[in-house]
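Hello,

Here is the structure we talked about handing over. My notes follow below it.

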Amino acid sequence: MNKRDDNTNDYDVLIVGGGPAGASAAIRLAVAGARVLVAEQKKFPRAKLCGEFISPECLAHFAELGVLEQMSAAGGARVSTTDFYTRGGRKVSVPSAWFGQGARMVNAQADGNATGAQPDALGLSRAEMDQRLLLRARAVGVEVLEEAQGCGLIIEDKRVRGVELQRDGATISLRAPVTIDATGRARALARRVERARRDEDAHANGHAVRGRAPLVAFKAHLSDVQLAAGACEIYFYRGGYGGLSRVENGLSNLCFIVSARDVRARHSDAERVLREVVLTNRRAAETLVAARVRSEWLAVALESFGRWRLVPAKGLLTVGDSAAFIDPFTGSGMLMALESGALAAEVITRAWPTLRATSDFNALAADYRAHYRARFAARLRVCSLLRRAAFAPAPLMTAAALALNASTRVRRAMARATRSVVKPTELGEH
Ligand SMILES: Cc1cc2nc3c(=O)[nH]c(=O)nc-3n(C[C@H](O)[C@H](O)[C@H](O)COP(=O)(O)OP(=O)(O)OC[C@H]3O[C@@H](n4cnc5c(N)ncnc54)[C@H](O)[C@@H]3O)c2cc1C
């Protein structure tokens with residue numbers, strides 16, 4: 001991309017939100033020669049509510065982004081298996097290797113060991129991971145403004161021409177031909193467009209699903225858990241599920257989702273919710289019997305899953321959770337964030353000559369929609385079906401566990417289907 005020859009724009013691309021989606025897009029665009037600014041409302045490093053299970057395919061993105069070494073050196077834990085436990089303690093195991101298409105090589109590279117490395121997942125806090133990505137963005141020339149909140153859009157002729165940021169009590173207006181909403185589930189910019197249009201139906205193409213009952217997620221770092229090295233455990237219980245995996249500094253991350261009704265009934269007391277809801281899962285009660293809480297509890301309300309508008313207005317794209325929120329227990333949200341950030345960067349770079357010459361945003365928008373659909377639609381559908389199963393009553397869940405344990409092939413195909421397009425024959429063959 002050509003620099004500094006369009007005087008009306010401050011940047012080529014403005015990105016609001018400095019999580020994995022925003023950072024992935026920013027790094028790739030800057031490396032391709034674009035003038036990029038990332039505005040992030042928080043000061044990094046910051047804790048973030050998340051299962052902190054970084055699936056093996058993310059490592060290939062880290063390698064492409066130039067942060068694999070930094071991530072490997074951050075003291076995180078290898079996760080080789082995820083064990084799903086029904087309430088009564090029945091277990092279904094999914095090795096990380098089943099997810100990690102193409103990750104074997106980068107794991108080997110991270111080990112300095114070309115043979116025998118397993119494509120493991122990584123347990124690392126979001127404070128550490130997100131910080132490393134944002135530092136890398138700065139290093140490749142992205143201008144990063146922390147403690148800068150996207151609070152408005154510059155809209156002219158129904159087209160987004162830039163953003164307004166709040167920083168240090170002042171409002172900054174910045175212009176660019178492309179703006180990216182990478183604000184996660186907040187969808188801070190996309191919501192503004194929807195509001196501006198008085199668009200009552202914010203969901204894209206009717207695919208998004210409002211939660212049946214609002215859910216609340218909690219997270220804290222714990223010590224003294226009885227969790228085997230290399231294991232991530234997922235516990236199902238009435239109205240939700242939780243995940244436990246090791247992160248850096250000898251701690252483990254516990255993140256769980258419960259129904260808002262259960263939370264209200266316990267006066268929003270996280271430890272009471274843990275004791276009275278999560279620990280009804282037999283395995284969770286065993287693993288967490290001596291656990292001690294070592295951080296603040298974080299909590300967020302979860303209202304909906306599914307897809308949103310990819311192009312809420314000309315000039316504006318969504319990436320990561322702003323584009324689609326995939327079910328957390330699949331442990332693939334960060335992968336989708338990194339991947340959709342990469343896709344947005346690829347599409348913008350490809351469209352740049354046309355955009356500069358004609359200012360026409362339509363081709364870019366169509367390209368982004370088509371590639372996004374091809375890459376993510378199938379996995380979002382599979383995950384939405386699995387979500388229904390995840391909230392199923394205990395006897396059904398036990399039956400599902402028995403069925404899954406009967407076929408390694410089906411378990412493997414389902415694990416892969418949460419990541420990529422799965423061939424129907426893979427699910428059908430035994
Ligand atoms: C309970 C739960 C558990 C999960 N567990 C996992 C897991 O184990 N593995 C996994 O892969 N995924 C998991 N996910 C999903 C994962 O957290 C998300 O998919 C991922 O964080 C999305 O990245 P993102 O960059 O799109 O958004 P985010 O990570 O949410 O980043 C958005 C950034 O934008 C900033 N921001 C927001 N509003 C503004 C504004 N107005 N101006 C400026 N900045 C703003 C925020 O501060 C934030 O830093 C989980 C999600 C939940 C809810």
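Which atom of the ligand is 2.7 Å from an N or O atom in the side chain of glutamate 40? It is an oxygen atom. This is a predicted model, in which local features need pLDDT of at least 70 and side-chain atom pairs pLDDT 80 or more, while totals for chains, interfaces and linings use all residues. Residues are numbered from 1 along each chain as its sequence is written, and side-chain values use heavy atoms, without hydrogens and water.

The ligand

Arginine 126 also has a polar side-chain atom 2.7 Å from an oxygen atom of the ligand. At glycine 150 a backbone N or O atom lies 2.8 Å from a ligand nitrogen atom. (A polar contact is a pair of N or O atoms within 3.5 Å.) The protein buries 95% of the 1000 Å² that the ligand exposes when taken alone (Shrake-Rupley method, 1.4 Å probe).

There are 38 residues around the ligand, each with a heavy atom within 4 Å of it. They divide into 18 nonpolar, 13 polar and seven charged (Gly counts as polar, and Tyr, Cys and Pro are among the nonpolar). Helix α10 gives the most to this shell, with three residues (helices are DSSP runs of H or I, at least four residues; strands are runs of E, at least two).

The sheet

Three strands form an open antiparallel sheet in the order β9-β10-β11 (strands pair if DSSP finds at least two bridges between them). β9 and β11 stand at the edges with a single partner strand each, so one side of each has no neighbour in the sheet. Seven bridges join β9 to β10, and glycine 152 has glutamate 164 in β10 as its bridge partner.

Regards

Methods. Polar contact = N/O pair within 3.5 Å; in protein donor to acceptor, adjacent residues only side chain to side chain.
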